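Reader: I would like to go through the charged side chains of this model with you. Could we take the pairs one at a time?

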Amino acid sequence: MRAAGWSTDRPLLGVVADDLTGACDLAGGVAHAGLTTSVTLGVPTEPIPADVDCAVVALKSRTNDPAEAVRDSLAAARALGDAGVRYVYQKYCSTFDSTDRGNIGPVADALVDLLGPDAISLGTPATPQVGRTQYLGHLFVNGQLLSESSLRDHPLTPMTDANLVRVLGRQTTRPVGLVDHSVVRRGAAAIAAAVKASVGAAGEHIDAGRRHLLVDAVEDADLDRLAEAIGLLDVPVVLGGGAGLAVAVARSMAGAGEQGAEELPSIEAGPRLIISGSGSERTRAQVAAFRGKVITLDPLALAGDGSGVERLARDLAEAVHADGTAGAPPTVLVSATAAPSDVRRAQKELGVDRAAALVEDALAQLAVRAVEDLGVRRMIVAGGETSGAVAAALGVKTVRIGALAAPGVPWTYATVRDRPMALLLKSGNFGGPDLFDTAWQVAP
Ligand code: ADP
C-alpha cells in the first residue's frame with residue numbers, strides 16, 4: 001500500500017465495506033466507471049483476486065461491537081494489502097450510519113495505524129447523485145440536514161447531529177479536521193495543499209496534526225477534485241466515504257485500468273428465480289408489481305410446520321416447470337416480504353431473531369434447491385440480510401461485477417457448485433418498482 005500518483009499496478013483500489021449491499025452499490029458504480037471489480041463476501045478466507053482493478057471486501061460491521069468491526073476490517077485490509085492494492089478505502093454509509101461507539105471512527109483509527117505513523121484518513125460520505133451532500137462539515141440528505149431527515153429515527157443508528165466533524169470526533173481520540181468547500185472549489189492542488197498543511201506545519205486552513213480529514217462535496221465535480229488531489233499526496237492515506245468518492249476515484253483511475261479487459265463467463269439458459277426477504281417499502285412495491293408466479297413464505301406457518309420448506313420446494317419446482325410466458329424462461333418469485341403489521345405480528349409471536357432466522361434459513365434452502373435441482377443459474381435476491389444468507393448457503397465467496405440493472409444494483413458473476421451463475425444482490429430500497437421484471441434485460 002503506497003501513496004502518490006496513480007499507476008497501472010493492480011488492484012488499484014482495495015475496499016473494506018461495512019455491509020454487503022453497500023459493497024455491491026460501490027462495486028457497481030466503480031465497474032460502471034471502467035474498473036474491473038470483484039466483491040469478496042465476509043472476512044477473506046482465501047487470497048483476494050489480484051487480477052482486478054478494484055477488490056472489495058463486504059463485511060457486516062456497521063452495527064456490531066466496535067472491537068469485532070475493527071478485527072474484521074483489519075483482516076480485510078491485510079488481505080487486500082497481500083493482493084497488492086494501492087489504496088485502501090473504508091466504505092461506510094452515505095448517511096454516516098454510526099453511533100458514538102463507532103464503528104466508523106474505530107475502524108478508521110485502526111486502518112490509519114495499519115498504514116503507519118504518518119498516515120491519515122481522508123474522505124467524505126457525500127454522494128451527490130443520491131442526494132447526499134456535505135457542506136461546512138454538515139451532511140444533508142436530499143437537501144435536509146441529516147439530523148432533520150428520517151435518519152434521525154433510525155432504529156440502530158439514529159443520526160441526531162449533522163455536524164460530521166463532531167460526530168466522528170466522538171468516535172475517535174484522534175483530531176478530526178475539515179477541508180471545507182471554499183478550499184475544495186479551488187481545485188485539486190488547493191485540496192492537496194490543505195491536506196499537506198494539516199499533517200505538516202500549521203497551514204492556512206487546517207491546524208497541524210490532524211489525523212482524520214472530512215472533505216466537503218456538494219456535487220460530483222467536488223468529488224472529482226478530491227480524487228485528483230489524492231493522486232498528488234505523498235503521505236500514506238486511507239480513503240473513506242460512501243460510494244460517491246470511490247466512483248470519483250475510479251473515474252480518475254479509469255485511464256490506468258484495463259477497461260473491458262475482463263472476460264466474464266457465459267451463463268447457461270434456464271429458469272430464473274427471485275428471492276425476497278426484504279421488508280423495505282421499495283421491495284414491497286417491487287413484489288406487488290411483479291407479474292410472474294409468486295410463492296409466499298410466512299414465518300408463522302413455517303414455525304408450526306416441520307415440513308414447510310419441503311412443501312415450498314415442491315411448489316417452487318412445480319412453478320418452475322410450468323411454461324414461461326411468451327417464450328421467456330419461467331421466472332418465479334419466492335417472497336417473505338410482508339406488510340409491516342404482518343412482520344410485527346410474526347416478530348411478536350416468534351421473537352425478532354427467530355422470525356428472521358426462520359425466513360432466512362428457508363429462503364436460503366430454497367435458493368440452494370433451485371440451483372442444485374431446478375437448473376436456476378440467474379437469481380435476484382432482495383434484502384441485505386437475505387442476500388448474505390443466500391450467498392452463504394450457495395457457498396459464494398467472491399463475485400465479479402457485471403452490468404448495472406439499476407443504479408446501485410449490478411449483476412454479479414459467481415461460481416456455484418463449479419458452474420458460473422449470475423446473482424443480483426439488492427439492497428431493500430434500491431431499484432425501480434418494476435425491477436423484478438426489467439433486471440433480466442441486462443442479465444448475463
Ligand atoms: P431489508 O433491510 O430491506 O428489510 P434484509 O434482508 O436486510 O432486508 O432484512 C429483512 C429481515 O426481515 C430479514 O432478517 C428477514 O429474514 C426478515 N423477514 C423477512 N420477512 C419477514 C416476515 N414476513 N416476518 C418476519 N421477519 C421477516
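Reader: Is aspartate 113 buried, partly exposed or exposed?
Author: In this predicted model, aspartate 113 is partly exposed, with a relative accessible area of 44%.

Reader: Which side chain does aspartate 113 meet in a salt bridge?
Author: The partner is arginine 174, at 3.1 Å from N to O. Aspartate 113 belongs to helix H3 (residues 104-115), while arginine 174 sits in the loop between helix H4 (164-169) and strand E9 (176-179), so the pair ties together parts that are 61 residues apart in sequence.

Reader: Turning to aspartate 72, is it buried or exposed?
Author: Aspartate 72 is buried, since its relative accessible area is 13% and the cut-off for buried is under 20%.

Reader: And which residue does its side chain meet in a salt bridge?
Author: Aspartate 72 pairs with arginine 71, with an N to O distance of 3.2 Å. Arginine 71, in turn, counts as exposed, at 54% relative accessibility.

Reader: How far apart are the closest N and O atoms of arginine 311 and aspartate 305?
Author: They are 2.5 Å apart, and the two residues form a salt bridge. Arginine 311 is partly exposed at 41% relative accessible area, and aspartate 305 is also partly exposed, at 22%.

Reader: Finally, how many salt bridges does the count come to?
Author: The count comes to 19 salt bridges.

Methods. Residues numbered from 1 in each chain as written. Predicted model: local features only at pLDDT ≥ 70, side-chain atom pairs only at ≥ 80, totals over all residues. Heavy atoms only, no water. Salt bridge = Lys/Arg side-chain N within 4 Å of Asp/Glu carboxyl O. Buried < 20%, exposed > 50% of the residue type's maximum accessible area, 1.4 Å probe, protein only. Helix = DSSP H or I, 4+ residues; strand = E, 2+ residues; numbered from the N terminus.
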